[in-house]
Amino acid sequence: MSLLVKGGTVVGPTGTQVADVLVDGEKIVALFDPEYRQVVQADEVIDATGKYVIPGGIDAHTHMELPFGGTAASDTFETGTRAAAWGGTTTIIDFAVQRTGEVVQDGLAAWHAKADGNCHIDYAFHMILGGVDADALKAMDQLVVDEGITSFKLFMAYPGVFYSDDGQILRAMQTARENGAMIMMHAENGIAIDVLVQQALARGEMDPIYHGITRPAALETEATSRAIALAEVAKDCPLYIVHLSASGALEAVAAARDEGRNVFAETCPQYLYLTLEDQLGAPGFEGAKWVCSTPLRTKHEPHQRDLWKGLRSNDLAIVSTDHCPFCFKDQKDLGVGDFSKIPNGIGGVEHRVDLVYQGVVDGKISLERWVETISTTPARMFGLYPRKGVIQPGADGDLVVYDPNGTTRISAETHHMNMDYSAYEGFEIAGHVDTVISRGAVIVADGNYHGQKGHGKYLPRGLSSYLV
Ligand SMILES: [Zn+2]
């Protein structure tokens, strides 16, 4: 089965060209000048004239079916990967979880059991370490060598749940420095945050907005700086800050990068578009829809401006979603009358490609940078390149035909995520995902879905391309 995507403007991180793309079976086999089209035979042809052809999106931060806060994220691997596909994402990297007291390999096996046979698109795993001890450190080596898991997430937040102290973090970083893995960090000072939360509750401050007020930007900046210092002590262990939302944290990352350090960071669409006042501070309990950590930041400080600047300058390398959806009814409402009991998370896996494209339309990033931050860099950062993230012979046939003249209106009524609300309700994007191809199979076309669960395969990963 061969597939020709003809006449589109192929966009990559280094530029654009009008070209035809030939996919044979699951792989891209040629990229060529349309003048040579007549010498090519293909079973199926997609006309991309006037549209962009980009490598399939890679969302490097999702939490399908994550048990958290007394409930579980509402998207399964099946519903979440299907929604991702609708939005032009053809690979996710989800987080397998080791809970405190659990064997790392058991946590990983549980995640494989959830995902196996259920995914519509390809998937890989990072590993969350919730209990760094001698066994977990040994398991890190084993996962890198045998399981294709080359990144490990630690938490400076959530004492008693996922939290690691500085000694545990340092030991995991030293291990990663030896085996080449990346340490991913949830950088918020959870010990101090817990004090602020208890004080707020004691004062009767129960509304969702206090979730954000008790997680001040200074405590993200502090934790980010501390993580960078610990990574330096661990002989410049590769460090990746997840869901960065605060200007001060970005400054710390930028300073480390200016020194040539192996420090990287991502942000998420919610931090680029939504704010503490306008969403988290919505009247009544409405703001619970936007309870996530790190929290949405105040619009009275220039966080969003700085995040876009960080995306331009590459101090922010990637836009991921931190997709962790909870329904408003029966999930978010566990926290009615007590913001600290609201499940933490926002769903957005379906909208990342569009929301970052809006940044191109708004003149905040270039077309090339769009593709880089949503696809090419995630592939390179997490050891999937050149199988993913690029349109060239030998790469997987993961393609999106994107229509710059189309529009996308985001709404819970039309989205495909298993959520009863949308964090971006009513947003209009000046662009549209037309066609989505996953390993040579057309899974979205003409507003219809043609994919199937079980098509997605597990992707063992290599080490990051960015390390020398
Ligand atoms: Zn996360």
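K153 has 23 C-beta neighbours inside 10 Å and therefore counts as buried, the threshold being 20 or more. The structure described here is a predicted model. K153 lies in strand 11, which spans residues 151-155. Setting aside residues within four places in sequence, K153 is in contact with F95, H126, I128, M184, H186 and V242. The UniProt record, an unreviewed entry, annotates K153 as a modified residue, N6-carboxylysine; such an annotation may be inferred rather than shown by experiment.

In soluble globular proteins, nonpolar side chains tend to be buried together. The largest nonpolar core in this model comprises 150 residues, and the members that touch the most others are V53, I183 and I241. The greatest contribution to this core comes from helix 7 (residues 217-233), which supplies 7 residues. For V53, the contacts beyond four places in sequence include V5, G8, T9, V10 and V11, together with V21 and A48. V53 also touches I391, L399 and V401.

Because 9 of its 10 residues are buried, helix 12 is largely enclosed by the rest of the structure. Its buried residues are R352, V353, D354, L355, V356, Y357, Q358, G359 and V360. After helix 12 comes G363, where phi is positive, near 75°.

Terms used. Residues are numbered from 1 along each chain as its sequence is written. This is a predicted model: local features need pLDDT of at least 70, side-chain atom pairs count only at pLDDT 80 or more; totals for chains, interfaces and linings use all residues. A nonpolar core is a set of buried Ala, Val, Leu, Ile, Met, Phe, Trp, Tyr and Cys residues joined through C-beta atoms within 7 Å. A residue is buried if 20 or more other C-beta atoms lie within 10 Å of its own, exposed if 12 or fewer, and partly exposed in between; C-beta atoms are placed from the backbone. Helices (H or I, at least four residues) and strands (E, at least two) are DSSP runs, numbered from the N terminus. Two residues are in contact if their C-beta atoms, placed from the backbone, lie within 7 Å.
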